[in-house]
Amino acid sequence: MKIRWGKSSGFADDVAAMRRYARSLTRDRDDADDLVQDALVRAIERQATYQEGRNRRRWLLAIVHNVFISGTRREAAEARRNDRFAETQVAHSDASQEHHARLGEIARSFAALPEHHRAVLHLTAIEGLSYQECADVLGVPVGTIMSRIARARAALRQQDEQRAEPALRIVGGRDGSRTE
């Protein structure tokens, strides 16, 4: 069964309802637009599952809801993976307590980077690949590698600068920021 997607069939009203519902779910205009786009793609891909006589708007709103829930679950799973990754990185270090805590902060910041930034930093900084070798592995131009590394480093610096207060308070010792 093919669904009629044209203007004459009230599709514009259905999309407006999808956008309103997506905005109430995401609380962000851009995220809502992305959600509606993903839901429309899914609706087109699965239009064979649409049952004749069923309310198309309710079907589309259910798809918006399901795409939102799937995305939320995916983000939560990624956050859990990032946390486990950060814990694993720190657990394998033999550093003092202060350095151990700092390594944890760095690992969490690294894990929070987008995948394409983590990939180039890992390949160049940890695996020791040259920019050209990294570009060959990822199948992108060297200039792309260079810009991704610059953006990743800037993001890490920004995350570090946002920690205005030191994460640890030194008790019974000397803090380098305090002179007595």
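The protein chain has a mean pLDDT of 81, and 78% of its residues reach 70 or more. Helix α2 has the highest mean pLDDT, 95. Helix α4, residues 97-112, has the lowest, 76. Where pLDDT is low, the predicted coordinates should not be read in detail.

Side chains of opposite charge can pair when their charged atoms come close. The model contains three salt bridges. Arg56 pairs with Asp14, and their closest N and O atoms are 2.5 Å apart. Arg56 lies in helix α3 and Asp14 in helix α1, so this pair ties together parts that are 42 residues apart in sequence. Both Arg56 and Asp14 are buried. Asp14 counts as buried because its relative accessible area is 5%, under the 20% cut-off.

Asp14 also forms a salt bridge with Arg57, with the closest N and O atoms 2.9 Å apart. Arg57 is in helix α3, 43 residues from Asp14 in helix α1. Arg57 is partly exposed, at 32% relative accessibility.

The remaining bridge joins Arg19 to Asp33, with the closest N and O atoms 2.9 Å apart. This pair ties helix α1 to helix α2, as Arg19 lies in the former and Asp33 in the latter. Arg19 is partly exposed at 31%, and Asp33 is partly exposed at 28%. Shared partners join Asp14, Arg56 and Arg57 into one network.

A patch of negative charge lies on the surface, formed by Asp28, Asp30, Asp31, Asp34, Asp38, Glu75 and Glu78. Helices α2 and α3 each give two or more residues to the patch. Helix α2 gives the most, four. Asp28 sits in the loop between α1 and α2.

Definitions and conventions. Residues are numbered from 1 along each chain as its sequence is written. This is a predicted model: local features need pLDDT of at least 70, side-chain atom pairs count only at pLDDT 80 or more; totals for chains, interfaces and linings use all residues. Side-chain values use heavy atoms; hydrogens and water are left out. Patches are made of residues with over 30% relative accessible area and no salt bridge: like charges are joined within 9 Å, nonpolar side chains (Val, Leu, Ile, Met, Phe, Trp, Tyr) within 5 Å. Accessible areas come from the Shrake-Rupley method with a 1.4 Å probe; for residues, only the protein chains shown count as cover. A salt bridge is a side-chain nitrogen of Lys or Arg within 4 Å of a carboxyl oxygen of Asp or Glu. Lys and Arg count as positive and Asp and Glu as negative; His and the chain ends are not counted. The place of a charge is taken as NZ of Lys, CZ of Arg, CG of Asp or CD of Glu. pLDDT is the predictor's confidence in each residue, from 0 to 100. Buried means under 20% relative accessible area, exposed over 50%, partly exposed in between (1.4 Å probe, protein chains only).
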